Amino acid sequence: MPSIQKRGSSYRITVSCGYDANRKQIRKTKTYRPVPGMSSRQIEKEVNRFAIVFEATVKNGEYIDAGRIRLCDFCPQYLEIASKMLSPVTYSAYERIIQQYILPVLGHFRLSEIRPFHVQMFVQQLQAPGRAHGKQVDSLSASSVRRYFVVLQSILGRAYKLGMINSNPADSERIELPVSNDAQTDIFTKEEAEEMLRYLEQEPMQNQLLIHLAILTGCRRGELLALTWDDIDYQTGIITVSKSNYQLPGGEVCTKTPKTKGSVRQVAVPEYCVEMLLCYREAQASLLTGENHGHWIFTRGDGSPMPPQRATRWFSDFLQKNHLRHRKFHSLRHTSATLLLLNGTNIKTVAARLGHMQISTTNRYVHAISEADKDAAELLGKLFSGDHTK
């Protein structure tokens, strides 16, 4: 990735192009001067486009139009830009999808050569069974296909924004995508949640607390696992949600803090949950063997933070053991929002508890409730109209 340094009103672009005979790194530089009157956003786009073109020029020894750059050459530039906007977990997923699925199919194409036809063929190929890593693999689910398509759409969208192509060939309106069966928000009904909580009484106290907090607060899995004891106000029953834990493949559990103060939120829990927290805090010291006592709420046996995947695996095993229908851990968050709305809680309050920046994000739950209500009305209609039509 070229180095971009602001120098007064201009920008110096530096590109490394190997080493000389004395093993000294060779660098080429070029200056970019914005056109007067450009906005900061326009300057950012143009300087990035300028840097990519200059790097291609240096490494190929000749001027190369941006449209002649191959997708495989642009993807590292894209990831460099995306790294500043994506969470570490999402960035890792994008990197894997690009390497395993996108580049083997489309990497050799120049950006200017990719058409909606090629994107559609990429989508079709994802849906077909084949071989990967030396073994036969099944076709991807509809939701996975749509997720991988979004990554390609983002790459080509970035190239379009940088002025490297004239349009985005992965525009959703031009591509036929498979219908995802899990597009509907999956939740526990009130009765199912009550049944699950009854079985939960047989589980270790830490696991009980995890599920109760998930339903009561609507927090994401990473937010729950990042909670520390000093996040709890035992007098008011308010929990401060200010960070999230994640774990990349093969790595340790890491903590991510929000970029803005507006991302920090406070969520109230009922008195019984405060009592559960106090009870578990008192018992935790005798359960742990490590030196991390008194910090994390949800831990391994040595007091280090619980890995997110461990929580997911336990929840899946718990549901299976008790013959409950499988749902993702994230469905507890959906359940929290839906139950609040069903019981008349204002949508702005629900959005604030979930940490949604926009009400439109929370509206998905309103839609789910409306659909359920329509289904119920149709069922009643069939029951009563059936008696009169016989």
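Accessible areas come from the Shrake-Rupley method with a 1.4 Å probe, and for residues only the protein chains shown count as cover. On that basis I looked up the surface: the protein chain exposes about 22700 Å², and carbon and sulfur atoms supply 50% of that area.

I noted the terms of the record before going on. This is a predicted model, in which local features need pLDDT of at least 70 and side-chain atom pairs count only at pLDDT 80 or more, while totals for chains, interfaces and linings use all residues. Residues are numbered from 1 along each chain as its sequence is written, and side-chain values use heavy atoms, with hydrogens and water left out.

**Entry: the whole chain**

I looked up the secondary structure, where helices (H or I, at least four residues) and strands (E, at least two) are DSSP runs numbered from the N terminus. The protein chain has 13 helices and 10 strands.

I then looked up burial, with buried meaning under 20% relative accessible area, exposed over 50% and partly exposed in between (1.4 Å probe, protein chains only). Of the 390 residues in the protein chain, 39% count as buried.

For contacts I used heavy atoms within 4.5 Å. Among contacts in the protein chain with a separation of 6 or more, 58% are between residues 24 or more positions apart.

Axes here are lines fitted to C-alpha atoms, for helices over the stretch in contact, and angles run from 0 to 180 degrees between N-to-C directions. Angles under 35 degrees count as roughly parallel, over 145 as roughly antiparallel, 65 to 115 as roughly perpendicular and the rest as oblique.

Helix α3 (residues 88-106) packs on α5 at an angle of about 80 degrees, with the axes 10 Å apart. That makes α3 roughly perpendicular to α5. On the α3 side I listed Y94, R96, I97, I98, Y101, I102 and L106, which meet Y148, V150, V151, L152 and I155 in α5. I sorted them with Ala, Val, Leu, Ile, Met, Phe, Trp, Tyr, Cys and Pro as nonpolar, Asp, Glu, Lys and Arg as charged, and the others, Gly among them, as polar. The contact of α3 with α5 comes to 11 nonpolar residues, no polar and one charged.

Helix α4 (residues 116-126) packs with α3 at about 130 degrees, and their axes are 11 Å apart. α3 is therefore oblique to α4. I checked the hand: a crossing is left-handed if the near helix is turned anticlockwise from the far one by less than a right angle, and right-handed if clockwise. The crossing of α3 and α4 is right-handed. Y101, I102, V105 and L106 of α3 meet H118, F122, Q125 and L126 of α4. By class, this contact of α3 with α4 holds six nonpolar, two polar and no charged residues.

**Entry: α11 against α12**

How are α11 and α12 oriented to each other? Helix α11 (residues 331-342) and helix α12 (residues 347-354) pack at about 160 degrees, with their axes 10 Å apart. They are therefore roughly antiparallel to each other. Their crossing is right-handed. R333, A337, L340 and L341 in α11 meet I347, V350, R353 and L354 in α12. The residues of this contact divide into six nonpolar, no polar and two charged.

**Entry: single residues**

I187 sits in the loop between α5 (142-161) and α6 (190-200). I187 is partly exposed, at 22% relative accessible area. The C-alpha atoms of I187 and H334 are 5.8 Å apart, although the two are 147 residues apart in sequence. Leaving aside neighbours within four places in sequence, I187 is in contact with E192, R325, R327, S331, H334, T335 and T338.

Y199 lies in helix α6. Y199 is partly exposed, at 32% relative accessibility. Beyond four places in sequence, Y199 is in contact with F318, N322 and L324.

Is Q208 buried or exposed? Q208, in helix α7 (residues 205-217), is buried, with a relative accessible area of 18%. Beyond four places in sequence, Q208 is in contact with L200, E201, E203 and M276.

H323 is in the loop between α10 (308-321) and α11. H323 is exposed, at 77% relative accessibility. Most residues other than glycine have a negative phi. H323 is not a glycine, yet has a positive phi of about 60 degrees.
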